[in-house]
Amino acid sequence: MGSRRSFLRSWSSPLSLFVVVVALAASSADGFKAPRVPCYFIFGDSLYDSGNNNNLNTSVKVNYSPYGIDFPAGPTGRFSNGRTAADIIGETLGFKDFIPPFASNPDDRQILVGVNYASGSAGILVESGKQGGDNVDLNKQLRNHKVTVSRIVKKLGSKKAAFEHLGQCLYICNMGNNDYINNYILPQSTAIRSQYNPAQFAALLIARYSAQINVSPLYESLL
Ligand SMILES: *[C@@H]1O[C@H](CO)[C@@H](O)[C@H](O)[C@H]1NC(C)=O
């Protein structure tokens with residue numbers, strides 16, 4: 001009884017009330033806060049993949065334990081014990097849910113918020129990483145994004161509305177690891193090394209990547 005009374009006394013003190021009110025205000029502001037950008041699209045390799053390789057014919061897949069041991073949903077196809085850097089960026093921006101992988105067939109409501117196209121072993125060059133089996137190389141990821149864009153045009157009712165929506169999104173891309181570790185520097189890659197010295201290979205990657213990430217032709221078609 002004594003402790004209950006002292007609890008009540010401290011509960012009703014002005015300072016405690018102030019603390020409670022501030023805490024409630026902070027938690028409700030947090031609960032309803034919109035993300036810093038309305039939508040977020042992810043391209044990349046295994047560092048960002050969140051399940052796109054799960055149903056591909058490849059040895060480069062990780063949808064089994066102990067991958068995901070620190071992830072709320074367990075193994076998902078993330079090449080990690082927990083969240084990827086792409087997940088953490090999304091959380092930091094205020095997204096409540098993880099951006100779904102393209103391979104999970106996200107619905108119309110989800111694709112307005114974002115899609116993750118990243119695929120373990122994928123590269124800038126189509127042939128990179130293919131010794132492990134299939135992957136979704138960057139060209140294919142961009143074709144998948146075109147599918148998303150057409151769906152968004154349909155959903156929002158006009159190209160103009162889709163253009164305005166997509167113009168507010170954040171796009172990130174992590175690419176290039178596999179063009180080296182699963183292509184250029186592999187012992188068996190003698191043909192490509194004799195065709196390109198390291199500087200020439202870097203120039204090739206930069207030229208291809210610059211063309212790929214220039215998505216303006218895709219978005220100009222929406223104008
Ligand atoms: C999977 O890939 C292997 C070689 O990478 C191939 O031999 C096999 O036929 C493929 N399986 C299917 C179902 O496509």
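The second largest pocket is lined by Phe 43, Leu 138, Leu 142, His 145, Tyr 171, Ile 172, Cys 173, Tyr 209, Gln 212, Ile 213, Val 215 and Tyr 219. This is a predicted model, so read everything that follows with that in mind. The volume of this pocket comes to about 190 Å³. Sorted by class, its lining holds 10 nonpolar residues, two polar ones and no charged ones. H5, strand S2 (170-174) and H9 each contribute at least two residues to that lining.

Now the confidence. The average pLDDT of the protein is 88, and 86% of the residues score at least 70. Over residues 1-29, however, the pLDDT is below 50, and this stretch has five contacts in the model beyond near neighbours in sequence.

On to the overall layout. The protein has 10 helices and two strands. Along the sequence they run α-α-β-α-α-α-α-β-α-α-α-α. Of the 223 residues, 39% are buried. If you take contacts between residues at least 6 apart in sequence, 66% of them join residues at least 24 apart.

What does the largest nonpolar core contain? It has 27 residues, and those with the most contacts inside it are Phe 41, Leu 125, Val 149, Ile 152, Leu 166 and Phe 201. At least two residues of this core come from each of strand S1 (40-44), helix H4 (108-113), helix H5 (138-156), helix H6 (159-166), helix H9 (198-213) and helix H10 (216-220). H5 gives the most, with five residues. There is also a second, separate core of 10 residues, which includes Val 37, Tyr 40, Leu 93 and Ile 172. As general background, nonpolar side chains in soluble globular proteins tend to be buried together.

Leaving aside neighbours within four places in sequence, Leu 125 is in contact with Asp 137, Asp 179, Asn 183, Ile 192, Phe 201, Leu 204, Leu 205 and Arg 208. The other one, Leu 112, lies in helix H4. Leu 112 counts as buried because its relative accessible area is 17%, and the cut-off is under 20%. Again leaving aside neighbours within four places, Leu 112 is in contact with Pro 38, Cys 39, Ile 152, Lys 155, Leu 156 and His 165. Take Ile 152 from that list: Leu 112 and Ile 152 are 40 residues apart along the chain, and their C-alpha atoms are separated by 6.7 Å.

The largest cavity holds about 60 Å³ of space. Around it are Tyr 40, Ile 42, Ala 86, Asp 87, Gly 90, Glu 91, Phe 95, Asp 97, Phe 98 and Ile 99. S1 and helix H3 (85-93) are the elements that give two or more residues to this lining, and H3 has the largest share, with four residues. By class, the lining of the largest cavity has six nonpolar, one polar and three charged residues.

Some loop serines next. Is Ser 119 buried or exposed? Its relative accessibility is 0%, so Ser 119 counts as buried. Ser 119 sits in the loop between H4 and H5. Beyond neighbours within four places in sequence, its contacts are Gly 44, Asp 45, Ser 46, Asp 49, Asn 53, Asn 135, Val 136 and Gln 141. Ser 189 is placed in the loop between helix H7 (177-184) and helix H8 (190-195). Ser 189 is buried too, with a relative accessible area of 10%. With neighbours within four places set aside, Ser 189 is in contact with Asn 183 and Tyr 184.

Last, the backbone. Most residues other than glycine have a negative phi, and most peptide bonds are trans. Here are the exceptions I noted. Ser 121, in the loop between H4 and H5, has a positive phi near 75°. Ser 121 is buried, at 4% relative accessibility. Asn 105, in the loop between H3 and H4, has a positive phi of about 50°. Asn 105 is exposed, with a relative accessible area of 66%. Finally, the peptide bond from Ser 65 to Pro 66 is cis, with omega near 10°. Pro 66 belongs to the loop between S1 and H3.

That is everything I have; questions are welcome.

Notes: Residues numbered from 1 in each chain as written. Predicted model: local features only at pLDDT ≥ 70, side-chain atom pairs only at ≥ 80, totals over all residues. Heavy atoms only, no water. Core = buried A, V, L, I, M, F, W, Y, C linked by side-chain atoms within 4.5 Å. Buried < 20%, exposed > 50% of the residue type's maximum accessible area, 1.4 Å probe, protein only. Contact = heavy atoms within 4.5 Å. 1 Å grid on protein atoms, 1.4 Å probe; cavity = no way out; pocket = protein on both sides within 12 Å on 5 of 7 lines; lining within 4 Å. Points joined across faces, edges and corners; volume = space filled by probe spheres on them. Nonpolar A, V, L, I, M, F, W, Y, C, P; charged D, E, K, R; others polar. pLDDT = per-residue confidence, 0-100.
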